[in-house]
Amino acid sequence: MVRTNGQVAGPYRRIGRGSPLKGAGDCIFCQIVSKTAPSNIVYEDEKYVAFLDTFPFSRGHTLVCPKEHGETIWDMKETDVAGLFRVASKVSRAVVSAAGADGFRFVQNNGEAANQVVAHVHVHVIPVKMEDKGRFGDRKRLSKPEMDETAKIIRAKMGQA
Ligand SMILES: [Zn+2]
């Protein structure tokens, strides 16, 4: 399906109606979890992984996701949802500190209508500086050294150096 903005997308997805994306082969986040796709991982435990967003809204913008594939929050056990936000909370402290930010956003989109781009549950942790208050801005492209350095600092603050 070709969208009016020129992007080519798969079949339209509605929350709770199943996903055209099935399993690790199609899912970029499953590939990050299995380390068959490159990423800047900043935290990892048995059930969750956190890595830098490739096109961050700000330096340090991190995604936290469950290792087990599920499209939205509705596909997760409630105890795992709690665990996901527990990790996101822990990650937010390291991200804010690494970015020298004054606050942060959790953004968690479910369904294409809500701007969910990758059909694997994730929480955005977006550090915000006071001078950017009230602005969302555009996604950025940081250089590989900038991304590597940012990830290294966050990893160290997460005790995962
Ligand atoms: Zn996945």
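How many bridges join β1 to β2, and in which sense do the two strands run? Three bridges join them, and the strands run antiparallel.

This is a predicted model, in which local features need pLDDT of at least 70, side-chain atom pairs count only at pLDDT 80 or more, and totals for chains, interfaces and linings use all residues. Residues are numbered from 1 along each chain as its sequence is written.

**View 1. The open sheet of five strands.** The strands follow the order β1-β2-β3-β5-β4 with antiparallel pairing, where two strands pair if DSSP finds at least two bridges between them, and where strands (E, at least two residues) and helices (H or I, at least four) are DSSP runs numbered from the N terminus. The edge strands, each pairing on one side only, are β1 (41-44) and β4 (103-107).

**View 2. The hairpin of β1 and β2.** Three residues lie between the two strands of this hairpin, and Ile41 has Phe51 in β2 as its bridge partner. Asp45 is found in the loop between β1 and β2, and this residue counts as exposed because it has 12 C-beta neighbours inside 10 Å (exposed means 12 or fewer other C-beta atoms within 10 Å, partly exposed lies in between, and buried means 20 or more, with C-beta atoms placed from the backbone). The C-alpha atoms of Asp45 and Pro66, which are 21 residues apart along the chain, are separated by 9.8 Å.

**View 3. The pairing of β4 with β5.** Strand β5 (residues 123-128) pairs with β4 in the antiparallel sense over five bridges, and Arg105 stands opposite Ile126 in β5.
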